[in-house]
Number of protein chains: 2
Amino acid sequence: MHLGLFILGTGSHVAGWRHPGAMTSFQDFNQVQEIARIAERGRFDLIFMGDNLYADPGAHPSYTVRLEPMTMLAALAAGTSRIGLGATVSTTYNDPWSVARVFASLDHISKGRAAWNAVTTASGQGAGNFGTVHPDHASRYERAAEFVDVVKGLWDCWADDAIVADRATGTYIDTARLRALDHAGTFFKVKGPLNIGRCPQGQPVVLQAGGSAPGLALAARTADVVFSVVQDMDEAKAQYAALKKRLPAHDRSPEHVTVLPGVMPVVGRTPTEAREKLALLQSFVNGSNALQLLSDRLGQDMTGYDLDQPVPEIALPDTYHSFARVMLAKARRENMTLRDLYDLVAAARGHWVLCGSPEQVADTLQQWFDERAADGFNVMPPYFPEGFDDFVDLVVPILQERGLFRHDYEGETLRDHLGLPRPPSRFF
Amino acid sequence: MHLGLFILGTGSHVAGWRHPGAMTSFQDFNQVQEIARIAERGRFDLIFMGDNLYADPGAHPSYTVRLEPMTMLAALAAGTSRIGLGATVSTTYNDPWSVARVFASLDHISKGRAAWNAVTTASGQGAGNFGTVHPDHASRYERAAEFVDVVKGLWDCWADDAIVADRATGTYIDTARLRALDHAGTFFKVKGPLNIGRCPQGQPVVLQAGGSAPGLALAARTADVVFSVVQDMDEAKAQYAALKKRLPAHDRSPEHVTVLPGVMPVVGRTPTEAREKLALLQSFVNGSNALQLLSDRLGQDMTGYDLDQPVPEIALPDTYHSFARVMLAKARRENMTLRDLYDLVAAARGHWVLCGSPEQVADTLQQWFDERAADGFNVMPPYFPEGFDDFVDLVVPILQERGLFRHDYEGETLRDHLGLPRPPSRFF
Ligand SMILES: Cc1cc2nc3c(=O)[nH]c(=O)nc-3n(C[C@H](O)[C@H](O)[C@H](O)COP(=O)(O)O)c2cc1C
Ligand SMILES: Cc1cc2nc3c(=O)[nH]c(=O)nc-3n(C[C@H](O)[C@H](O)[C@H](O)COP(=O)(O)O)c2cc1C
């Protein structure tokens, strides 16, 4: 089983920062470093940082301010030794040469622990910061497909042995062992090569988090790890099977793509204690804020609706497509009112909430793993550090005891942790 | 006196990496960290990393590969405690929202030690990596002027006290204490604010390194530190006076802009030992490589000329304008042949070479400082670590003894080291 830790703001619960055991700043590097060290103590495969490109203090107050992901991860590389370091960087608001370069650099700095979550950027709220208009869903994914190909091509332009630095002859670089990419496509013209040599992992790990049809197609072709949003095991099994089935067509082995559904664990020593913890967290929620968040996640203004009526029929939005789909399906299955749905969104922003004793939580995770609904989980603690300590100190040891999860790191790089081979360069 | 350390590749001497005491990789973070720690031991104000956006193994073999500056500095922030951390980020190949954000992040991570060298990018060789054409000198500076203004505006959009994180009331952000920028100019439309709060320094320090007329105009209006390229004290004095004279028109005090000419010190225990060190370094130079570098610096192909004739009359290039101007002026003054000039470029890529005993080097630096040719120096060691240890262990103690340079850091932030006040936000 593989475990990733999701970090973005002060924790995945909308109001988790109000808990007395919570840190309240996600701009304070010392606090972020403490989180990373807990994850490394828990032998997690990786830390993964979400990102978006705007400030929205209305819908996402405690998610609004953060360190920029690449500088944050580079600083964490210096303060950790084994854990993988992943970040979201948008294919819609960046250029591929710069993205290939910065992840190669992180891979060198961390000695092979870098991972890129290539997202198309769901929300259009950032477009105004770039003087542009947010492209539609289909165009975003067309651009993303070419973007990822260019980045991977750039990572292959230097042979592993191109830098010789031979004092005797004075040859620093063997120019026969690097080449241009000379890409000219629909969205990009990129000459290459990079101004950094091939990285320790050959290629940094690529993550993908889009759940729509083009999102899945991109993942099947290019991603090493897939984050998914789920609310139900059968749904997760179907998604898992659908993705794995597509891999052979791309000459990829099902073991080489790791599927990690997101889960917010709320762990108490007993089932009652866990329920009380969740109730306490929910008591911190401010209603108007939760309704703004729900509107954001569903892609339409929900403030006019009666909270105590069933969730109304609404069309799937262009943004946050998978969140809306999964939440609405759950609402139908369980006859939820709009208030129930907003409680759910307030808890984990649309992700799955798993509340229980350590054994209950471990049992459920094991069941999902055994029944091939997941290769592991993207753990989204409600707040830090206590809400994460609970998982690492109470649940991880059970998973280890059951032989489901590593007792210690066995390799050096993130590819090692994930059981992924180091890819050779396509050119050398 | 203020001291900055310039780092880019394996050292400023073209072939310094061939020295037996030299490190040969600038991609190995452990080696970079060792350099930073020597600089901090020497109580330097800052480390400053140059950058460009292409690989050119012909003209710049040992300058071709490097860690990406922002990730490198963020990792160094974790491994150092006081030294300022500056990097070159181009105003021609980036967007202001992202640049404002990443430097604000570095400032948070380093607790107030970030500095941005805003360059227009001299060489057009990188344009092909971005599918674009390098703009001309004048357009680059027009864009740069607006770019710097937008970045500084974005740094002011959050009041220092906007993040309240009040557990009792549930208010995380006081939305009255942040605002949009709503910039709409010739080159950029940027809404703002950033998704990171105001930084420890209020605004990171801004560096500028352009020596042309628009470069100086931009520096006078916006820069806290100016790097210059010099070969002669009288010339340096004239430049220094010209810059300082322009400051009052921008309501800026002359003490609040620090002028640091670049210097490559070659230090021996005796004058003879120093000369022998330089001769050894020069013996490593490969002629055809030096001629390529000279062509690059002068902006035209110099391979056809007779090396033993005086430097020919050539027009000042659009790129590397100040390097060419300063080198050609020196060649005229000293009746240099083309071979003399290429020896000079091979030594320090167009920067000033200062070779001598520790006392001689300290005397010259003091003279420049006393005569108002400089507020300090941008030190460019020929190779690392030995070529830098020489300066820190032999020259810095003399400067300290003479009361010219600090014995220890007195403040926490780079602004403290430079004697610059923390600017209030223009909006709050
Ligand atoms: C676990 C998870 C994490 C995500 N993280 C980000 C993120 O950090 N930034 C972002 O813009 N979108 C993020 N997304 C959104 C998706 O990448 C995608 O843009 C969105 O779901 C719309 O694409 P889709 O229609 O393919 O699902 C995330 C989605 C999931 C499931
Ligand atoms: C000390 C110093 C450092 C510089 N560092 C960089 C650099 O890292 N990257 C870059 O593209 N240009 C660099 N430059 C070049 C200038 O920023 C500028 O682009 C060039 O000199 C042309 O502008 P000018 O005509 O105003 O001098 C540097 C110049 C000096 C003097």
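1. An oxygen atom of ligand 2 sits 3.1 Å from an N or O atom in the side chain of B:Thr88. Keep in mind that this is a predicted model.

2. Two further polar contacts to ligand 2 deserve a look. A polar side-chain atom of B:Ser212 is 2.5 Å from an oxygen atom of the ligand. Alone, ligand 2 exposes 610 Å², and the protein buries 95% of that.

3. The shell around ligand 2 holds 20 residues; B:Asp51, B:His137, B:Tyr141, B:Ser212 and B:Ser322 come nearest. By class, 12 are polar, seven nonpolar and one charged. Helix 4 (137-155) and helix 9 (321-333) of chain B each give at least two shell residues. Helix 9 of chain B has the largest share, three residues.

4. B:Asp51 also matters for the next topic, the chain contact. It forms a salt bridge with A:Arg101, with the closest N and O atoms 2.7 Å apart. The rule finds two salt bridges across the interface of chain A and chain B. Residue pairs in polar contact between the chains number 32, counting those with both residues at pLDDT 80 or more.

5. On chain A, the elements giving two or more residues to the side that touches chain B are helices 1 (29-41), 2 (69-79) and 3 (96-109) and strands 5 (163-166), 6 (171-173) and 8 (189-190). That side has 34 nonpolar, 23 polar and 12 charged residues.

6. Now the totals. Chain A gives 69 residues to the contact, and chain B gives 69 residues. About 5200 Å² is buried between them, 61% of it from carbon and sulfur atoms.

Technical notes
Residues numbered from 1 in each chain as written. Chains lettered and ligands numbered in written order. Predicted model: local features only at pLDDT ≥ 70, side-chain atom pairs only at ≥ 80, totals over all residues. Heavy atoms only, no water. Contact = heavy atoms within 4.5 Å. Buried area = accessible area lost by both parts, 1.4 Å probe. Salt bridge = Lys/Arg side-chain N within 4 Å of Asp/Glu carboxyl O. Polar contact = N/O pair within 3.5 Å; in protein donor to acceptor, adjacent residues only side chain to side chain. Helix = DSSP H or I, 4+ residues; strand = E, 2+ residues; numbered from the N terminus. Nonpolar A, V, L, I, M, F, W, Y, C, P; charged D, E, K, R; others polar. Near = heavy atom within 4 Å. Areas by Shrake-Rupley, 256 points an atom, 1.4 Å probe, with all protein chains shown as cover.
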